[in-house]
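The sequence and structure come first, followed by the terms and the findings.

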Amino acid sequence: MTEYEAVIGLETHIQLNTKTKIFCSCKADSWYDAPNTNICPVCCGLPGVLPVLNKAVVEKAVLLANAMHSEIRPLSFFDRKNYFYPDLPKGYQISQFDQSLGKGGYLELPVPAAAAPDNQAYVRRVSIWKLHIEEDAGKTKNTGTRRFIDFNRCGVPLVEMVTGPDLRTADEAAQYLIRLRQLLRWLGISEADMEKGHLRCDANVSVRVKGETILNPKTEIKNVNSIEAVRDAIAKEIQRQIREVEAGHRIEAWTLEWDEDTGTLKKMRSKETEADYRYFREPDLLPIRLSDEWKNHILVDFPELPLTRRARFMEQYGLPEYDADILTGERRLSDYFEETVRAYGGDPKKASNWLMNDVLRMLNDQGLNPAEMKLTPAFLAEILKLVDAGTINISTGKSLLEKVEQSGKAPSQIVSEEGLAKVSDDSAIRAVCQEVLAESPNEVAAYRGGKATLIGWFVGSVMKKTRGKADAALARSILEELLK
Ligand code: ZN
Ligand code: MN
């Protein structure tokens, strides 16, 4: 049987989260606005207007280019990409062609065991072939026989990024999007919400016999608006192409559209080539001159990137990959973790457990982000220290999380106000144990008759009577002694 492999490249369009559009002062994000209410003569391409470049677009694109290890050109140009379409009122899109802001680059992709064909985690380096700034077009919407056009999206700033044909499986393509989305949010340059079109992806797919190095004709999958849909669409297209090749057919360079409702691919049109766009330099805009001074200013606070931080968390704090991955899923969460560890000074894995099990649940339940919590890293560290010192037991510690979050008071203050300190005084616990045994003659008889598992029930009763404050281990040994 012939073994095949897929050759996949992704084209992504990233909507930058600037306040205003790329060449005019209309608001950039109009997701919640009524159609055609967020437009002006510039973004509608009326005659006699001139575009003025939004500086913030360049700055955010530089951050992304730097994160992608791209060479950043000190001089880059805008070009006109000419095509006729109802939602493109100027008849051309202002984009960048041969001298774009970013040149080359790559994204390293750790593919987890669960997404690997043979359950072995590995790293895939995905090369970046194109990274440029451009304006978005409007939206068209078909309803029955009528077509509507909304110009609100015209002139929204985008970065287009095209990878080399380096991805080999549908899962790798999904991982690429997951990591890219993480990176965009980490840098704070895009909301990267695929459902809202902040991150759009087209996939180029071809197949070849495994071991070959040629590139066969590819198809392009368009209109996929979730990571799961990208994975499904690519997996289906790989299967289709293998079936065609096996049947002796040639793959034609189609453009395919993903139909979300039916989970199938439909043929859209045969593809344009780049020459059809008749690119030429945009005469209405000056080139972008990125001086060293400006570039250094943009990059002065450039953060440690998620994958680097993930590796460091494993190395420096001895965290398992699973923990490191979750804790670096979001920048504010990883900051929160490191601040907690710093204030705590104890075992980082313990801090990680509390954070991942309890604090994350609180965050999700309340829809908060870590920076908004009243349970600050310092307070979480304080709770951990109180538990370590034996001042409170673990269950009291866990209940403190909510209490601190609600009141904003320091954990130690709540402990003294509510008298939550652990009772580890032998005679006090002994008195409660005796009380419990005196009240439960049937259980005592059953225990003495051989039902040893009842010890847990006795301990539980002691904990209940002491409102969770008794030292459970001590209570257990006293109970065992009394029951002998
Ligand atoms: Zn405008
Ligand atoms: Mn584009």
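Buried means under 20% relative accessible area, exposed over 50% and partly exposed in between, with a 1.4 Å probe and protein chains only. The model is predicted: local features need pLDDT of at least 70 and side-chain atom pairs pLDDT 80 or more, while totals for chains, interfaces and linings use all residues. Residues are numbered from 1 along each chain as its sequence is written, and side-chain values use heavy atoms, without hydrogens and water.

His 13 (NE2), Glu 134 (OE) and Glu 160 (OE) coordinate the manganese ion (ligand 2) at 2.0 to 2.1 Å; donors are N, O and S atoms within 2.8 Å of the metal (3.2 Å for Na, K and Ca), and water is not among the atoms, so sites may look incomplete. His 13 lies in strand β1 and Glu 134 in strand β8, so the pair ties together parts 121 residues apart in sequence. Strands are DSSP runs (E, at least two residues), and helices are runs of H or I with at least four. His 13 is buried at 16% relative accessibility, and Glu 134 is buried at 2%.

The structure holds 38 salt bridges, each a side-chain nitrogen of Lys or Arg within 4 Å of a carboxyl oxygen of Asp or Glu. Three of them are listed here.

| Salt bridge | Closest N and O atoms |
|---|---|
| Arg 80 and Asp 284 | 3.3 Å |
| Asp 325 and Arg 179 | 3.0 Å |

Arg 80 is buried, at 13%, whereas Asp 284 is partly exposed, at 31%.

Notes:
Chains lettered and ligands numbered in written order.
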